[in-house]
Protein chains: 2
Amino acid sequence: MSTVTYSYSLLANRLRDIDALEGISGLLGWDEMVMLPTGSSDSRGKQKEALAGVIYDKKTDPVLGELLKELHESCAGLNEVEQVNVELAYKNYIRATALPKDLSQRIAALETEGYHAWIAARGASDYSKFAPVLQEWVDISRRKAALIDPSQETYNVLLDEFEKGMTATRIDEIFGQLRVGLVPLIANIKSKGTAPDGSLLRGKEFDTKAQAALCEVIALDLGFDITKGRLDVSVHPFTGGTGPTDVRMTTRFKAMDVTEGLTGAIHETGHSLYEQGRNVYPDWEGLPVSKALSMGVHESQSLLWERMVALSKPFSHYLLPKLQTSFPDLVPTSTTPEALYGAMNLVLFPSLIRVESDEVTYGMHVVLRYEIERGLVEGKIKVEDVPAIWNAKMKEYLQTDVEALGGDAKGVLQDVHWSAGAIGYFPTYTLGAMMAAQIFQAAEAALPNLSESIAKGEFAPLKTWLNENLHCKGSFYRNADELMTAVTGRVLDPNIYLSYLNNKYTDLYKL
Amino acid sequence: MSTVTYSYSLLANRLRDIDALEGISGLLGWDEMVMLPTGSSDSRGKQKEALAGVIYDKKTDPVLGELLKELHESCAGLNEVEQVNVELAYKNYIRATALPKDLSQRIAALETEGYHAWIAARGASDYSKFAPVLQEWVDISRRKAALIDPSQETYNVLLDEFEKGMTATRIDEIFGQLRVGLVPLIANIKSKGTAPDGSLLRGKEFDTKAQAALCEVIALDLGFDITKGRLDVSVHPFTGGTGPTDVRMTTRFKAMDVTEGLTGAIHETGHSLYEQGRNVYPDWEGLPVSKALSMGVHESQSLLWERMVALSKPFSHYLLPKLQTSFPDLVPTSTTPEALYGAMNLVLFPSLIRVESDEVTYGMHVVLRYEIERGLVEGKIKVEDVPAIWNAKMKEYLQTDVEALGGDAKGVLQDVHWSAGAIGYFPTYTLGAMMAAQIFQAAEAALPNLSESIAKGEFAPLKTWLNENLHCKGSFYRNADELMTAVTGRVLDPNIYLSYLNNKYTDLYKL
């Protein structure tokens, strides 16, 4: 065994040890949301702190640093996958060790302070209570980025944490095209569209236990492997667990709106299928190359199943008889798949709140946030001007008058993310949505009978195609564009997403 | 702050950190039994190994050793509780660091090898397949004991791991008295007793969901705090969780025997009440003094509720209407509390299998194992002679002919414990049973209306008395006799247990 090979094996052992401990951390998080007795939150806090301390020590261990430096400088004899592991681990090590202790402590404290300030500000609809926190996050983000990689512009470093290898220049290009196509479509739908009838699925009481049972059947039909995961109910739906053989998905259901639980469950199933599918090669296991490439790619998988599949016409053929069986009194036998498809696909105006918005308007909520947060860290937007800019963009992009509809509480203060310093995260949602459309288009080309399969409830061809072409690639590629090229033959192209929306909603809204 | 006080605070931080990590270890164990997807056992194995490695490193950290040595040598300025923490932690450190790596590794390997050898031997009812494992455990146990404390005799060191401060001499005394009283009682019941009618609770199908619902009601009535714990179902009932604010109790139910699930659930509730009750003083939290004193004391709490409460006459007054409501077709309205009491308290002959035996015969199963395992580690019994000795003692103590009833598979090979090297563990069961009787007697003296309360389903007085007099004492006392003296006014006295059994079964079996 050469020195390099030996060093690599030492590195892999350390990385797998950290991975196992992070799996435990995932269990603590899941358990806290789903199982923990109410009286044990203090004790759970101490357990999380103890484990986080252990993981931090292991991730910043100077011996790990030495190994990584050695392998980063000379990796002759390592294969391509091993080299990717070295580079990813090296990057993680730089990130983990970049911040001085006082800054790390301030960040941890500001996450809590920021959360409480945000709650208070939103409660009073008073941005001035939140502005100092946002200002401090902007300052900290700049300092942090400079410490991690002074050769890059600030926003790129922040972005890279969530969307590996993505740059602000590339997002400008992508979101620029998106804005040009999407703003007129939104305006058109609002001014000229005829909305489908949504009453089939809303405003009556759908028993939540029956919803949960239905969604379990659907998740299993889509391909969720129950021997490598769990389905539970929690207040906030999420996909977690300890790793690819233990993917724990949670859902929630509202009696008065069956679409929310349904699309939520299918969304989480998409995340789960990616997680369960990224564990194919034994020598990748527990190593950085096996992890999801980015938040955007993860979101592409949830949105592919939620939007491209569940909100499609063929899916309504599969879903309708199931809905009728689950809710015989609420979904009449006379219902057509077309009516169900219409009811599933409403564009909701005013589009005030991001998390309640539909697939058409969602993208512009994200573009707005991206433009503001990038302006902030580049110093082109002042913290005090954010509400005015927010409200102006809401009018321009989404035809929505924030001031008339509730002010800052329903505007700039609606999202929790900035209160925790998550700058660079929002773009991943819409990048994921665009990837989903492009990946689905490639799947349609590769699987000529895809629509018919979906209509019949045969999802295995699509799942297998995703497993083989995307899930198993993990973090092998350097960025989403490289992955998209491998999977679809070209880099991310927002026009595919725009065409999909234009075609679908021109038809649905009779434009 | 003095040097000693400062060192103590450093020690306490380290011990609390280890405690939090052990809490996580408890969660991994619970989750594996109750929640883990079947396909994730390999991955869980790696997580457990990674965490065990972290805990081992922290428990054997030489810096911890230095702190402990310093405080063990001079603890002037520490209060009594702090001194107890130092001594317990010092002892744990000695135990954790005593074994050389090769021995620890051999022990870990032999646990697995031993398990498989035991399965094979029991399957073939062939002791010779198991004898080499037992021989190795005997050798390892001697070596281990000599490394931990060469000043003590082997069995005392082994015992101390499970029953703090107990000695073989003291057990000889206690079990000697027990044997003298119990063997004739068993013989008497067998030869002259008239068994109560047990058919009320057996041989018909009790819906397991209804059993689970009933047992949940009972656990909550007994005082289980659901804000600091969970109730779930698992294949093997146990009480686990992450700590006193997160006590997770599991149960299982058999359709054809309602007593098994019922007494099992009440048994685990007893363990849970002790765990939930040992967390009273904030400055004890997460420190050794707050832990359960011993396995025997823990068992005293499960058995107190199972035997002294649930198998009592007053309890049948509380239980009967609940059983009738849960199983209206199986428990006729004409049933009397006396009939229920009788059906709950059968002595089962032949008494072949320890875990299926009743409160009368159970004790002698344990005495038999104690005598053999002590003989083995003292070199007075040879491994090859164990089956013959086992079978002879089964005849003498329990009137049971092992050879006629299935041979070694149903005899010496029936228990898993020795296959994992657990020598010194069996006595705790019966020590616990005797403590339960003595503690309950003290509770009766302190709570004059205890029987009436139990009959009415008012368990709070007993639970509160146990909380205040026993649970909150944790590991403050050096051994069970000291705790018994504090709680009941005298050291463990087997005659209390013998009188309880004699009185109860003379009446029940019309002796």
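Ala, Val, Leu, Ile, Met, Phe, Trp, Tyr, Cys and Pro count as nonpolar, Asp, Glu, Lys and Arg as charged, and the others, Gly among them, as polar. This is a predicted model, in which local features need pLDDT of at least 70, side-chain atom pairs count only at pLDDT 80 or more, and totals for chains, interfaces and linings use all residues. Residues are numbered from 1 along each chain as its sequence is written, and chains are lettered from A in the order in which they are written.

**Exercise 1.** Describe the second largest pocket and its lining.

*Solution.*
1. On a 1 Å grid over the protein atoms alone, a pocket is an open set of points with protein on both sides within 12 Å along at least five of seven lines, and lining residues have an atom within 4 Å of a point.
2. The volume, the space filled by probe spheres set on points joined across faces, edges and corners, is about 590 Å³.
3. Among the 25 lining residues, Glu87(A), Lys91(A), Asp160(A), Lys164(A) and Arg478(A) are closest to the centre.
4. α4(A) gives the most, 9 residues; helices are DSSP runs (H or I, at least four residues) numbered from the N terminus.
5. By class, the lining has 9 nonpolar, 7 polar and 9 charged residues.

**Exercise 2.** Describe the largest cavity.

*Solution.*
1. A cavity is a set of points where a 1.4 Å probe fits but cannot get out.
2. The structure holds 2 cavities of 30 Å³ or more, and the largest has about 40 Å³ of space.
3. Its lining includes Trp118(B), Phe130(B) and Arg369(B).
4. The lining divides into 6 nonpolar, no polar and 2 charged residues.

Key: Heavy atoms only, no water. Helix = DSSP H or I, 4+ residues; strand = E, 2+ residues; numbered from the N terminus.
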